[in-house]
Amino acid sequence: MTIEDADQRVTPRAMTDIDIAVSAHDLIAQLTAKPWGQVGPSVYETARLVTAASWLTGHDRRVRYLLDNQRPDGGWGPPEAYALVPTLSATEALLHTLRRRDAGAPSGASEAELAGAADRGLRALFGWLQHGALSVPDTPAIDVIVPALVASINEHLDEVRDAPIRGLDACSGDRRLGLPPGMNARRLAAVRQQLAAGAQLPAKLRHFLEVLGTGVQGAPSMRPGSPGAVGASPAATAAWLGGPAAAESAGPAREFLEDVAGWHDGPVPCPVPITVFERAWVLSSLARAGVPLTVPLALLDELSATVEPSGIAAGAGLPADADTSSVTLYALGKLGRLVAPDSLWAFETEAGFCTWPGEDGFSVTTNAHVLDAFGQHMINWADASPRHLAVLDKLSATLPGEQQADGSWRDRWHASPYYATVCCAVALDQFGRGPAAVEAVAAAVDWVLATQRPDGSWGRWSGTAEETAYAMQVLLTTGNPARRAIGEAVGQGYAFLAEAFDRQADPPLWYGKELYLPTAIVRAAVLAALYSTQRKINLGGVW
């Protein structure tokens, strides 16, 4: 049967209206035109600038962004406990703004509007944190961010108790926020003590300077690199700068903040810059799908130049990690740049590969990408050394061992199981060794088929273009073409993507301080799925 026969919504017009080659060319051009990366606005990061950098251009618009993006239940951000960090950040920023209005500081909103939003935020937080049922996600440094913001909000509540603000009814009396079950402030206290003692912080903690206290201001060991960012974060950069007096003579750091504040007309993204991360993921997605590409030599040269013996960082101000290293190596290998994966040995552990040394947890997607990197290296170099084969064997056992009973995978760098599942299933299908890898891929295909939504999409909370693209890639790359169900599912998925193309705004699903949206990376995943489907049809379209 043809994919068109599988679902009548896939019309010839829908198939031809989307020119994948042109879209891919435009996307690659943006990698050079916008070298810091393309990231959606962040509630958490924007709120931190409302508190710390009212002097920065666009302050009123940042306040307005927070007010306009509050949910009906009083929270901010994605569903479930992913809302905790952005809601804490936004609520603290509004309380801070309310208290500063006594000094005549601009806010872009009336006191009644600010108080109403802050009150709703507090009510949501009291409800989540006092009932003890919150299952906190494993987002980076959440055990530092949450205690710091809870303490700041409680300080505001102490002040408001003595100087009440009309409309803040939720903070009457001695009510104070507590921490989620199992969380404490010990790590935050330890880091602040290290700073006070003059110790140099690990590079990964620079991304979170805004919650580490005043000891970070102007610290020589944390000076901004290119393009003026500290820790790939506007909030961390503002914390390093300090107040407006210091910012006036800050040079590149101030320029960086002014630039990113203009991207979304006030609100700011995070993380940024993500130059290498974005380029590696975009190019690897498109190249794996076989999308015809003309990649500028300068872009390949710049990506090749990031390879270091200690690994590759996602962007300036971030530490090297095995995930970025392996995806970069895979992309370079697919595009004809042969680079040995020797830098990955620094991340090898007994069970597999850590994202970085000392990682708290285990990432299946990092290990799937390592499998890709070594597998592609062995194809390019015809290198089947015992050490490289041992990596393939290890990961061919480790990844199936991490698979869920339903056939999916979950990971600590993305909220959707469809991302983790496509990373693991495709890597095992192409480079895995042994029956466990084959069985794991088959189980993943069954899970994808079983979880498609009635409208043809896939998604954790709702159907999204990003997650639909990942699910389709599992079926298109690893599925058995003889199965009628796969043709039907792909046809329905294509119809959804064709309808959503250029019209559906995807939600943030990637792990950062809060969930964030790397728009170019998501765009590449959608283009790859569309192209893979079109190529099946051009080759006959028979399943």
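A residue counts as buried when its relative accessible area is under 20%. The legends below describe close-up views of a predicted model.

View 1. Cys354 is buried, because its relative accessible area of 12% is under the 20% limit. Cys270 is likewise buried, with a relative accessible area of 6%. The cysteine sulfur closest to that of Cys354 belongs to Cys424, and the 17 Å between the two sulfurs is too far for a bond. A disulfide is a covalent bond between the sulfur atoms of two cysteines. Across the whole structure, a search finds zero disulfides.

**View 2. The largest pocket.** This pocket has a volume of about 720 Å³. Its lining comprises 34 residues, of which Pro140, Phe208, Trp356, Trp413 and Tyr511 are the closest to the centre. Sorted by class, the lining of the largest pocket holds 18 nonpolar, 10 charged and six polar residues.

**View 3. The second largest pocket.** The volume of this pocket is about 610 Å³. Among its 24 lining residues, Arg48, Thr51, Ser152, Glu210 and Gly213 are the closest to the centre. Two or more lining residues come from each of α4 (43–52), α6 (84–100), α8 and α10 (234–241). Helix α8 gives the most to this lining, with six residues. Nine of the lining residues are nonpolar, eight are polar and seven are charged.

View 4. In soluble globular proteins, nonpolar side chains tend to be buried together. The largest nonpolar core of this model contains 97 residues. Within this core, Leu344, Phe353, Trp409, Leu475, Leu497 and Trp510 touch the most other members. Another core, of 79 residues, lies apart from the largest one and includes Leu88, Ala170, Phe208 and Leu209.

View 5. Helix α16 spans residues 364–381, 18 residues in total. From its first C-alpha to its last, α16 reaches 26 Å, close to the 26 Å expected at 1.5 Å a residue. Because 15 of its 18 residues are buried, α16 is largely enclosed by the rest of the structure. Ala382 follows α16 and has a positive phi, near 50 degrees.

Key. Residues are numbered from 1 along each chain as its sequence is written. This is a predicted model: local features need pLDDT of at least 70, side-chain atom pairs count only at pLDDT 80 or more; totals for chains, interfaces and linings use all residues. Side-chain values use heavy atoms; hydrogens and water are left out. On a 1 Å grid over the protein atoms alone, a cavity is a set of points where a 1.4 Å probe fits but cannot get out, and a pocket is an open set with protein on both sides within 12 Å along at least five of seven lines; lining residues have an atom within 4 Å of a point. Grid points are joined across faces, edges and corners, and a volume is the space filled by probe spheres set on the points. Ala, Val, Leu, Ile, Met, Phe, Trp, Tyr, Cys and Pro count as nonpolar, Asp, Glu, Lys and Arg as charged, and the others, Gly among them, as polar. Helices (H or I, at least four residues) and strands (E, at least two) are DSSP runs, numbered from the N terminus. A nonpolar core is a set of buried Ala, Val, Leu, Ile, Met, Phe, Trp, Tyr and Cys residues joined through side-chain atoms within 4.5 Å. Buried means under 20% relative accessible area, exposed over 50%, partly exposed in between (1.4 Å probe, protein chains only). A disulfide is a pair of cysteine sulfur atoms within 2.5 Å. The expected span of a helix is 1.5 Å times one less than its number of residues.
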